[in-house]
Amino acid sequence: MTLNRPISNLRSVSTLAVAAVVALGVAGFTPQATSEEMKMVEPAKILKQTGVYGLYNTYKVQPSYYMNSMADRSKAASQVLEVISKHAKSVYVQAYLTRGFEKKSDFLLRMHAYEPAAAQAFLIDFSATIIGRNSKITLSLIGVTKGLNHTTKAKSPDLLAALKSTPYSAAVPKYAFMIPIKKNAKWWNLSEDEKLKKMEEHTLPTLPFLVNVKRKLYHSTGLDDTDFITYFETADLVAFNDLNIELHSVSEMLDNTRYGRPIVMGTIMSVEDVVKALSK
Amino acid sequence: MTLNRPISNLRSVSTLAVAAVVALGVAGFTPQATSEEMKMVEPAKILKQTGVYGLYNTYKVQPSYYMNSMADRSKAASQVLEVISKHAKSVYVQAYLTRGFEKKSDFLLRMHAYEPAAAQAFLIDFSATIIGRNSKITLSLIGVTKGLNHTTKAKSPDLLAALKSTPYSAAVPKYAFMIPIKKNAKWWNLSEDEKLKKMEEHTLPTLPFLVNVKRKLYHSTGLDDTDFITYFETADLVAFNDLNIELHSVSEMLDNTRYGRPIVMGTIMSVEDVVKALSK
Amino acid sequence: MTLNRPISNLRSVSTLAVAAVVALGVAGFTPQATSEEMKMVEPAKILKQTGVYGLYNTYKVQPSYYMNSMADRSKAASQVLEVISKHAKSVYVQAYLTRGFEKKSDFLLRMHAYEPAAAQAFLIDFSATIIGRNSKITLSLIGVTKGLNHTTKAKSPDLLAALKSTPYSAAVPKYAFMIPIKKNAKWWNLSEDEKLKKMEEHTLPTLPFLVNVKRKLYHSTGLDDTDFITYFETADLVAFNDLNIELHSVSEMLDNTRYGRPIVMGTIMSVEDVVKALSK
Amino acid sequence: MTLNRPISNLRSVSTLAVAAVVALGVAGFTPQATSEEMKMVEPAKILKQTGVYGLYNTYKVQPSYYMNSMADRSKAASQVLEVISKHAKSVYVQAYLTRGFEKKSDFLLRMHAYEPAAAQAFLIDFSATIIGRNSKITLSLIGVTKGLNHTTKAKSPDLLAALKSTPYSAAVPKYAFMIPIKKNAKWWNLSEDEKLKKMEEHTLPTLPFLVNVKRKLYHSTGLDDTDFITYFETADLVAFNDLNIELHSVSEMLDNTRYGRPIVMGTIMSVEDVVKALSK
Amino acid sequence: MTLNRPISNLRSVSTLAVAAVVALGVAGFTPQATSEEMKMVEPAKILKQTGVYGLYNTYKVQPSYYMNSMADRSKAASQVLEVISKHAKSVYVQAYLTRGFEKKSDFLLRMHAYEPAAAQAFLIDFSATIIGRNSKITLSLIGVTKGLNHTTKAKSPDLLAALKSTPYSAAVPKYAFMIPIKKNAKWWNLSEDEKLKKMEEHTLPTLPFLVNVKRKLYHSTGLDDTDFITYFETADLVAFNDLNIELHSVSEMLDNTRYGRPIVMGTIMSVEDVVKALSK
């Protein structure tokens, strides 16, 4: 028994595990934020960097909300915007309307921050707004963005090139989906090379959908009761259904113990419009 | 490793997967809607086209509803009809009475639209009606209709002919059933030909029930936590029980990880009658 | 591939499946109701016929019920009896006290009707009574009674004779049990002969309990999230425990994916006494 | 196929099943109650007899309880004692404080009766007390005590002698645990001799804990959604943890499909003290 | 069959089981408390001793809390501190803010005591405070600290030396995680040597994280519905994610039937700050 397996090697294994799920947020152009950048959240940057925490929380508006007068409810949106503005330096907040699509929620909040506690501070304030106070949290998942490791870059150059060379070119996305994915112990016990093969196998059939489905990946093992959070945006739901069928039809699916449960579907809207739709 | 598997081939695989569940809404006579048709929903057409979204939402009327006066409750039906009328151009809405048959719901709303956001807009308004405000959503499933692919048409001509040649000829259906179905990873990893055999195997014993059970199929993989939504209408519940026993007795059942949970049973009624029955 | 497997053969398979669970409500003396009889429910007849729908609904009395005055609550029983009387021609209603035995319910309603919609109409009215309005439905299962097929009759004459020749001879039953049972896909894919053997295997050890446990069977595949509803009445709970141990100790138990969950235990009482006990 | 397996043989099988779980309440000194004794419950006797029904119900005190004045709450304990006293002839009631140890309950009621309906009658009255009215039942399990059969006595004399010869000799028990146990179909299909070996295997490592952990066993197959209810009392929680580790480390554990879920831990207190602690 | 396996040997087996999970709170420097020490809880000592009970309870603040005036809510923190102070001699209480990170809770209470009843007494008083009264307990897990046995010390000296020689040296921990872990029956049936190998296998890859993740282990088999409670503190969530990936990638993970569900993530704060954050 030897005690000296170096940390760097340990990390490369875990980072590969990352790559092997869905090839989202691909390698190279997602550098870690500098400490300077972390002082101020910029949406365009934080959505592309590694070492960023993504929080996906769904909420169900309670009947008590509608006992407030229409006048009071009409102020709800601006109140939420104020809270978002107050925390804008440390958290980037987006909202989605899920009412009618989901039994357990009416809206989804998606937050990005360099520090989870910053998102928590925002959520503490949000819960003190009129709609926050009258909403119940029904899901809360956290994950972190990570880059691909050198092994992957070296061994799958064609695949990575294909991932990079095909930009999204379809209509502006109208819907977003959040799908948690969990692997079984057998998958986690695969060797690096076996995981790389799995990654290639599942990435290949997804390439045709780069043009009409946007994707992003977060790592959650130990941080939450899922291994990965996958996030998608699209205007073409049939294509999205087809993409998911492809992901179901590869051998890696045999090792998924969770794929959704829930799959959260929301309409992409501004925070203001989400709150207004729920305040009718 | 080759990166050039064409999209068309990918699609044919996924579309076959569709066919292989239950041979509902069979091939040929379900063309995709033209953009002209999509401007205005026509029930007779939208129920037969592909590329149509079906939403199945169940609701439980809350005790608070009955704290409204009988007079107020008596207006609930017309209020719902107004909302349906307002959205009639973009959503076709049907209702079913589930009270007494289901623990988790009192009624089922079934919606068809060319765009899920249109159904969502209707549901936002519905939730602001007196019965909507006092009802809790307890299930929400979404799926899309798709056609069969050329492989299926070419390889199973006898089966397709049988499916097309036997019209429903029993009494007017009195009950509807919604049954979500989910396949395991092993099934999704079958080859096209293996899936085609499964489809033939499970379709054959269902042919005798074409005369007394109507059927419709939706695809949900990735859109929701089910792979398929199957919908049935019948006046003969013993025949329906027998049909389900046939579907349980084929090898494909070994690969179903979800068959129901819930099976939702409702009485087919007009929206007005459903709301009135619940307003007593 | 041949398309001409006749319906009659299909049915015989499914009906055998029925027999193979628990030999309850045995063959021959359960003729289907005539259309004349179906105009008017007669308890003694409907409990013995095939083609009859059994509904088992449990309810939990809500705290709000006890905010009604004792005087109002004392009228609850007669109000329920009125509703039962109003529907007596189309539904036969029985009640059981489950409070203290079950976490999820206080009482069980058992209904028999030739048409589920008739039971639903009763339940709509029941939910408008003072106790119905203040009770929450916590379980709802529906099944249909069916006869044995000719194969079973021909191949197991000894077993059927034994089932018919041993009448219940113990004390008047004091307790009732409702136990849903679901089979796995492997069981459903057994051949007719294999299912017949399973039926013989599980029926044999239950024969000694014919004298002290009454039984009845309903078929639910496709109608609800169970394959069978089994119902028992007894005054001897140790015998009932022993009977269930026998049913657990045969090979068929290996193919049960649901046996209870819940097992509902209730005390057999008149509807009036059940409502009065809960109105204290 | 022979129909004449005698009842006595059937019973011996089922009674052995009993013995094979955990060797609690061992053979010989637990005679069945005479009809004379059943007229009047005596705690010392009923806890040692066979044919006795044990009910384990947990309750969660609702927020509404604390809207009653402190003065009203101070009367709760005596009100419960009155109800217990009223039913003392037919039910023996004990209470345990679970608040802080369990998420789903604040207290556990343990009842012993010769007839479940007698316990139910008590519970109906209990639910009409101020604390009963404001508490929600969150678990309800019922089981019956049974003796060992002659086979066990004959074949494992050493083990039985060891069980009988080692009395509890540690400090007065401070905590009680209720652990439901369920076996899979494979276990139930074992032969008598195989079950006897399992019993010996799991009993042996538990012998050292006879001195510091008291035990009692109930049979529930068919009566409830568990096969056995095991009950323990101890003052030494490390010993209790060790005992459970022993029970996890025998081959029989491979056939347990339920071991707890929940494990209910309560502090042993008088009924009065339990109600008072919850009435603060 | 021999009845004389000594207790000491039994214990060594069970204590090894302890060691084989995660090498937390390692051997030697965690002596059992003397009866003198148990008279008065000292945080620094009780967190390092064996035979100590750890309780992890999560709570969800109910909407009713916010119906109290801001003035009343501002007193909540001092009221909780008073109760903690009252029980300081027998319970050491810590708090964590989980709002926004967890759907089922807003805060976590972590308690250490030599006697669970002492923690229960504190919790009874806590539940009578304004925030306790308006909070719902949503999780409650209890475990006990234990030392390693001689076998482990003798057979893995290198591993133990490595565990002892590497102190935590990163930034002050900002987040805490509570992860319940449960093993299957196969794992529990491993021999001592096999378990020791598993321990070595899973401990080795965790060594690099001793510098940036603190850890503590509790034993719960039989005390609660988990086998182990693992507790972590860190300022580096990427390292924590990597550590968990390592723990997923060893063969022992194949025998974990529970790893989280829930994983509870909280921000480390004083009790006062937690209550204040929730009282906004």
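Is the crossing of H4(A) and H12(A) left-handed or right-handed? The crossing is right-handed, where right-handed means that the near helix is turned clockwise from the far one by less than a right angle, and left-handed means anticlockwise.

A quick word on the model: it is predicted, local features need pLDDT of at least 70, side-chain atom pairs count only at pLDDT 80 or more, and totals for chains, interfaces and linings use all residues. Residues are numbered from 1 along each chain as its sequence is written, with chains lettered from A and ligands numbered from 1 in the order in which they are written.

Back to that helix pair. Helices here are DSSP runs (H or I, at least four residues), and strands are E runs of at least two, numbered from the N terminus. The two pack at about 145°, axes 8 Å apart; axes are lines fitted to C-alpha atoms over the stretch in contact, and angles run from 0 to 180 degrees between N-to-C directions. Contact means C-beta atoms, placed from the backbone, within 7 Å.

| Helix | Residues in the contact |
|---|---|
| H4(A) | Ala76(A), Ala77(A), Val80(A), Leu81(A), Ile84(A) |
| H12(A) | Val271(A), Glu272(A), Val275(A), Lys276(A) |

Over in chain D, H11(D) covers residues 237-248 and reaches 16 Å from its first C-alpha to its last. Eleven of its twelve residues are buried (20 or more other C-beta atoms within 10 Å of their own, C-beta atoms being placed from the backbone), so H11(D) is largely enclosed by the rest of the structure. Phe240(D) and His248(D) are among them.

Finally, 39 residues of chain B are in contact with 37 of chain C. H11(B) gives the most to chain B's side, with ten residues.

Notes
Expected span 1.5 Å × (residues − 1). Contact = placed C-beta atoms within 7 Å.
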